[in-house]
Amino acid sequence: MPDSFSRFCRTHCDVSPNPVTEPLPAGSAGLLCAVGRSVSAVAPQLRSAPCLLLLSRSELGAPKLAELRAQPVAAVRRKTPSCLEGPAAVRLGPAQSASCSARLPELRQSPLHKHTATELGHRKALWTGLKQPSPLQRRLWSSLSCGVKLLLRQVTALSSARPRTLLLSARRHRSEPGREAMAEGGSVEEEKTLMAEGESQTPSCPRENPPMQEPRKSSSSRKSFRLNYRHEEEVTPSRRDSSGRFVNPWPTWQFPSYTTVLRLFLMEKNHSNVPSSKEVLDKELPVLEPYFIHNPEQCGQVGSSLRVTWLGHATVLLEMDGLVVLTDPMFSQRASPMPFLGPKRYRGPACTVAQLPRVDAVLISHTHYDHLDASSVAALNSRFGAELRWFVPLGLLDWMRKNGCENVIELDWWEENCVPGHDDITFVCTPAQHWCKRTPTDDNRALWGSWTVLGPNNRFFFAGDTGYCSVFEEIGKRFGPFDLAAIPIGAYLPRGIMKSQHVDPEEAVQIHIDVQAKNSLAIHWGTFALAYEYYLEPPVRVRDAMVAHGLNPDHFFTLSHGESRLLTQDEAVH
């Protein structure tokens with residue numbers, strides 16, 4: 001009989017597990033187990049003391065078991081030996097007959113506990129009225145037990161280890177290792193890079209694989225730390241519905257029905273009035289030649305300052321703390337899967353991919369065609385290859401891999417990573433209120449988000465494409481103040497359609513306030529005719545909203561296409 005069962009008997013019943021050869025003390029409340037024997041074989045023990053009878057299903061036989069099942073059965077909770085305590089069990093006195101049939105009248109008058117004795121040996125628990133587990137059930141139980149034990153050992157080891165913290169600039173955050181998505185082959189590699197107290201304040205990036213673990217073969221992303229803030233208080237994690245699609249967790253999200261969208265677009269008047277004359281557009285929205293086309297060596301040489309160049313729509317070139325970052329690259333003429341259909345630019349891109357300076361990282365906010373352009377991704381990947389690191393929200397890794405990108409980091413909300421060689425700059429995927437769709441059937445299969453870039457000298461926030469919600473206060477509280485934020489201001493009419501997914505200028509100013517931005521750049525306007533507002537209205541309303549809040553309107557500025565602005569720690573300079 002298994003040792004565990006022996007310990008169980010001695011612990012709860014003060015007897016040995018073999019009552020046939022070791023008589024029970026007279027007058028004691030003992031345990032009698034019929035295992036591998038007939039009930040009559042243990043009859044002598046019934047005369048020595050009251051006992052709890054554990055009936056073996058195999059020994060009783062089908063006829064007797066059917067007869068016993070007709071009696072009242074006392075319920076016993078699974079995985080508890082509580083029925084062994086007290087007089088709840090069937091008690092058989094010394095005068096009782098050893099015959100099973102003679103005992104049935106008493107059993108009919110008392111609650112009957114039916115247990116399979118062999119289950120007690122490997123479970124240390126009571127299972128009432130169940131069959132013996134099948135081999136498959138036993139294997140599943142064994143695997144589950146091993147997994148729980150392994151998890152407990154790991155938790156114990158972590159709790160006994162020296163406390164570790166990650167220092168980001170002057171702030172401390174609790175962190176948890178996450179997984180690093182590896183593009184080629186779809187492999188996923190886990191890696192921990194935490195900083196012990198008293199060690200260097202800069203986590204190492206990249207890192208070697210842990211000892212005793214074979215490195216997985218992949219030519220994809222460079223290894224770096226990846227942490228998250230999801231378990232800290234007062235943060236909103238990403239969520240999915242029952243079908244696995246991502247959802248917006250805020251009450252401000254109310255997506256209109258397709259009939260409402262069709263009705264509003266057909267009945268509302270389009271006030272965009274984009275001129276068809278190139279001369280008028282060149283005067284109102286000039287496209288300038290970026291400085292880096294003729295002076296690419298100057299790109300990234302900003303010291304402790306920050307320089308931003310608007311290339312059109314949501315595409316921004318950021319130079320900060322030695323890194324050059326590109327947001328939502330869109331260099332095509334149409335935001336569409338087809339080159340002859342879909343929204344067309346009325347202001348061309350300020351440069352081509354071939355004219356860009358070196359780029360270290362690209363931030364993607366979501367999958368809509370005006371923010372994730374396949375041709376632009378292919379051109380960037382062709383030029384920079386695996387040295388270019390792509391930061392994308394959860395669910396976009398496969399798409400990036402299919403388009404040839406190797407160095408891809410896929411992150412959930414509040415998770416972070418870095419660029420190899422620039423581990424003092426942290427990229428955090430932060431929430432936004434929007435949605436994703438590229439095909440008729442992939443609604444919200446990928447996550448959307450904003451991006452936070454934290455450097456030793458500067459902090460940058462890229463809002464991407466979003467409606468207004470309370471999450472921007474969370475971002476500002478956790479990572480603000482920001483030296484610069486890039487916030488969308490256009491594509492907001494008809495309001496019945498756009499309110500949940502696109503902020504209007506007044507809400508854009510509120511985001512500027514919520515994230516505690518010192519300066520903000522207006523994006524997502526003046527490039528595509530995506531909505532019904534007058535094409536020059538957004539900047540005017542932004543300025544009015546800043547004045548209404550008692551803020552300096554110059555701190556939420558616009559740039560011409562291709563124009564740059566250098567921001568020092570104390571002032572903004574052209």
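The legends below describe close-up views of one predicted model. Local features need pLDDT of at least 70 and side-chain atom pairs count only at pLDDT 80 or more, while totals for chains, interfaces and linings use all residues. Residues are numbered from 1 along each chain as its sequence is written, and side-chain values use heavy atoms, with hydrogens and water left out.

**View 1. Helix α9 and its buried residues.** Helix α9 spans residues 374–384; helices (H or I, at least four residues) and strands (E, at least two) are DSSP runs, numbered from the N terminus. S376, V377, L380, N381 and F384 are buried in α9, where buried means under 20% relative accessible area with a 1.4 Å probe, protein chains only. These residues lie on the same side of α9 because they cover an arc of only 130° around the axis, taken from the directions from the helix axis to the C-beta atoms. They pack against β12 (323–327), β14 (389–393) and α10 (397–402), a contact being heavy atoms within 4.5 Å.

**View 2. The largest nonpolar core and L484.** A nonpolar core is a set of buried Ala, Val, Leu, Ile, Met, Phe, Trp, Tyr and Cys residues joined through side-chain atoms within 4.5 Å. The largest has 68 residues, and F391, F427, F461, L484, L521 and F556 have the most contacts inside it. Leaving out residues up to four places away in sequence, L484 touches residues including L306, V308, L318, R459, F460 and F557. A second, separate core has 29 residues, among them L311, V377, C405 and A446.

**View 3. The largest cavity.** On a 1 Å grid over the protein atoms alone, a cavity is a set of points where a 1.4 Å probe fits but cannot get out; a pocket is an open set with protein on both sides within 12 Å along at least five of seven lines; lining residues have an atom within 4 Å of a point. Two cavities of 30 Å³ or more are found in the whole structure. The largest cavity holds about 140 Å³ of space, a volume being the space filled by probe spheres set on the points. It is lined by 17 residues, and Y346, A491, F528, L530 and E533 are the closest to its centre.

**View 4. The second largest pocket.** This pocket holds about 880 Å³ of space. Of its 27 lining residues, A335, P343, H368, W435 and L530 are the closest to its centre. The elements giving two or more residues to the lining are α7 (258–267) and α12 (495–498); α7 gives the largest share, three residues.

Note on methods:
Buried means under 20% relative accessible area, exposed over 50%, partly exposed in between (1.4 Å probe, protein chains only).
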